[in-house]
Amino acid sequence: MVSPWRWRIIPNSRQLLVLACLLFLFWCMTLYRVSNFSLGKQKESEVLKNEIISLSEKYVRALSRENTDIVDGPYAGRFTAYDLKKTMAVLLESMLERLSRLENQVHHVMNVSNSSLANLTRPLLTEQSEDSIHAEVKNVSPTPTVTLTTVTRSILIEFGPMVTQGVREVGKSKRIQLDLILGKTEACMLTEQDKQVYTKCEGKLEWMRQMWQSDACYASYGVDGSECSFLMYLSEVEGWCPKRTWKKNVKVPIEDKSKVQYIDTNDDIEGLMKILVDPNERQGYAWIRMRIRKMWPKWVLAAGNLKEKQKLEKRRRKKILVHLGLLSKQSGWGFAENQFKGGPLGELVQWSDLICTLYVLGHQLTITSETYQLEKILSQLPAANSPCQSRTDLPVHIIYTDIVGLRQFKRYVKGGYGKFSCLLRIVDSFGTEPAYNLRMYAKAHKILTSWGGQDLLPQQFFTMFPHSPDNSFMGFVVEQHLNDSDVKGIKRENWALVYGKNDYMYENATRVSLYRGKDKYLNTIKKRLEVHGTVYVDEKAKTKRSYMPSFVTNHGLQKPEDFHVLLRKSKIFVGLGFPYEGPAPLEAIANGAVYLNPKFATPHSSKNIQFFKGKPTARELTSQHPYAELFIGEPYVYTVNMHNDTQVLKVLDKILQNKEFTSHMPYEFTEEGMLQRMNAYIEHQNWCQFQKQEAKWPPHSAISFVMGADGQSCKDACWQQGLICEPSHFLQINSARSMKQAKVDCSREDYVADIFYPGYDPHSKECVFQKEELLFSCVGQKTNFRRFCPCRNYIKGQTALCQECL
């Protein structure tokens, strides 16, 4: 048996050496492969790092370009630059994490102390200047292991100014970049001061909370259901709420002056005639065109005279839409059909002069009268029906219409009406008082009419005469057909020409008390003068009974120039009590005829006269023509009780003793006066600013504050002082501080929504202030209560403007 030791191979030294060499070779090859693999990974990480930095720079640059010159703030959606600053912060953190993982793969350890990192990030967490930011960046060690430094340097050097601006904003609002990285958001809350300055903001905010998903347009503006998005939208788009921290230190965009259109006056009548083209066979503009052509030379002359008195250059051209709802077929009023058949012309006079004024002042006009024309214009604006009230893309700056046109307008734009409401100017012959204008108030007090409840600012209603200071007085031009050469050949006769072109105006006894006693009145006048009339006679109805007395010489319905010849021949123009406040009495005065103005023993109003039923005013007329009574007076106007024969004869004798009958024309009813007044309105009236602030126009230098007597309205209190109530300055005195300045110590303060405030109770010493701005009223009056009133001076003959308003 062979021993196992016999077969054992005992290695010698040579074998051991060969084995050692093989092991060493294998170790070298392994080391070489590992080294190459590590080097490749290191090169790959460097490439990736460089690509990330390059792409990051491109990304930030792209965001910067997209968000230039726009508002800034959290939750502002696609129209804000706020996400740019937050994105940069998150981007830096993301880069740090991603590069750290790459470095770990190639066994590089990131050894940055807390102090170094703090020094690096300090510019992002504190308010420093741009120079300090750049200095910090440049002083950072360029060690390749600190990859955040490389990224931060490239971004901050490139976008330092932008980052600095963002940092300053963040610092001022006490929010730091770390909060943004961690996902913290700004607390969007209204302060008490905000609520006082922006009185509508809370209500709008509550509506947004409930209804922001009712239309997709809100989401398109960045509304996402968060409180901040609501506030951002209501401030930046609709203007109801205050600008928050996102607006601080943001540069206001500089207007490109080269794109602003400045205007001078316009004397091209043919250009206006091209605009005044009838939309259909009804020839609705025929009378308006006729009046404009006849008066055009005087308009051009008036514009030249006004330019010599005040600067009319460098005014901005406004795009103005004029919609004459009363001429539309849908109105059913027949203005177009009856314009040459004795129909009412007062409204057409006013519209004609408004159109002429706007055109001569140089503004761009679009004129419509039928609803399909209005719809065609509004259909060109995709957002016309949108409830989002952005006015930046609207095709017009101002809209003139009447109540009928307003209804047509609302019917078409529906939910989009809000964005147009502040642009509206309503041509309203008799005016709309605050109590009738605010629908909620009118409904609660059971005075809501089909004409009222429009919820506009009372000054957005433009009247024919200065009825109430709560509305804006637009007026018209009293036409003078006769020149000096024509007048020389006309002899003044012993005539009394009756004011009334319809037979019913002579009616002696009807259910309406204002017509009674006219036969007796005219018989009294007949004792001193021949009585003449201009009543329209319908050939088809000649057999119908006439109310005109047989002793009246009827000339029939006259052309305007022939009517003015009759006025020149007459000594007296006799009012019958109706129609109210027409242009004819002013035309008579301009032609030298004295106007006999009937005084009402009981003031006429909606309480006792059917004519005023449904009209949104409680105004009480003390005579047929209150303007002539108050603003003109003797010797051109005599206000008499037509039922008092003795008084009538006494006044007639006084008038006839005057051998010369001179003409008189208030400046505000001339072409020049209307151009001046309307230009001031267009330049200064702006109702698309919703911030509660003191009015800048009329200027404070023209304003005085008056404490009215017990039970006296502000209109009467101011007039008693030779001033006119100015409703735009009510806000300025609606506080206890103002009461104290007026030397009134309030025992108690309260805020109430009614037309009598601000003011105080002289018995209880309680001061009551206005809670609802739409109810600021010059005409409101209350027994046992004294109104606190803003009053302004005025230019004699131009009552709508203060002495400092030009």
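**A surface patch and a bent helix**

Let me begin at the surface, where Phe24, Trp27 and Leu31 form a nonpolar patch with about 350 Å² of accessible area together. A patch here is made of residues with over 30% relative accessible area and no salt bridge, nonpolar side chains (Val, Leu, Ile, Met, Phe, Trp, Tyr) being joined within 5 Å, and a salt bridge is a side-chain nitrogen of Lys or Arg within 4 Å of a carboxyl oxygen of Asp or Glu. Accessible areas come from the Shrake-Rupley method with a 1.4 Å probe, and for residues only the protein chains shown count as cover.

This is a predicted model, in which local features need pLDDT of at least 70, side-chain atom pairs count only at pLDDT 80 or more, and totals for chains, interfaces and linings use all residues. Residues are numbered from 1 along each chain as its sequence is written, and side-chain values use heavy atoms, with hydrogens and water left out.

Tryptophan 27 lies in helix α1, residues 13–66, and the protein has 28 helices and 21 strands, which are DSSP runs (helices H or I, at least four residues; strands E, at least two) numbered from the N terminus.

Let us turn to α12, which bends by about 55 degrees at methionine 295, with proline 297 following within four residues; the bend is the angle between axes fitted to the seven residues ending there and the seven starting there. Its buried residues (under 20% relative accessible area, 1.4 Å probe, protein chains only) include Trp287, Met295 and Trp299, and the buried residues of α12 pack against α11 (269–275), α14 (346–360) and α26 (671–684).

Conventions. Buried means under 20% relative accessible area, exposed over 50%, partly exposed in between (1.4 Å probe, protein chains only). Contact means heavy atoms within 4.5 Å. Patches are made of residues with over 30% relative accessible area and no salt bridge: like charges are joined within 9 Å, nonpolar side chains (Val, Leu, Ile, Met, Phe, Trp, Tyr) within 5 Å.
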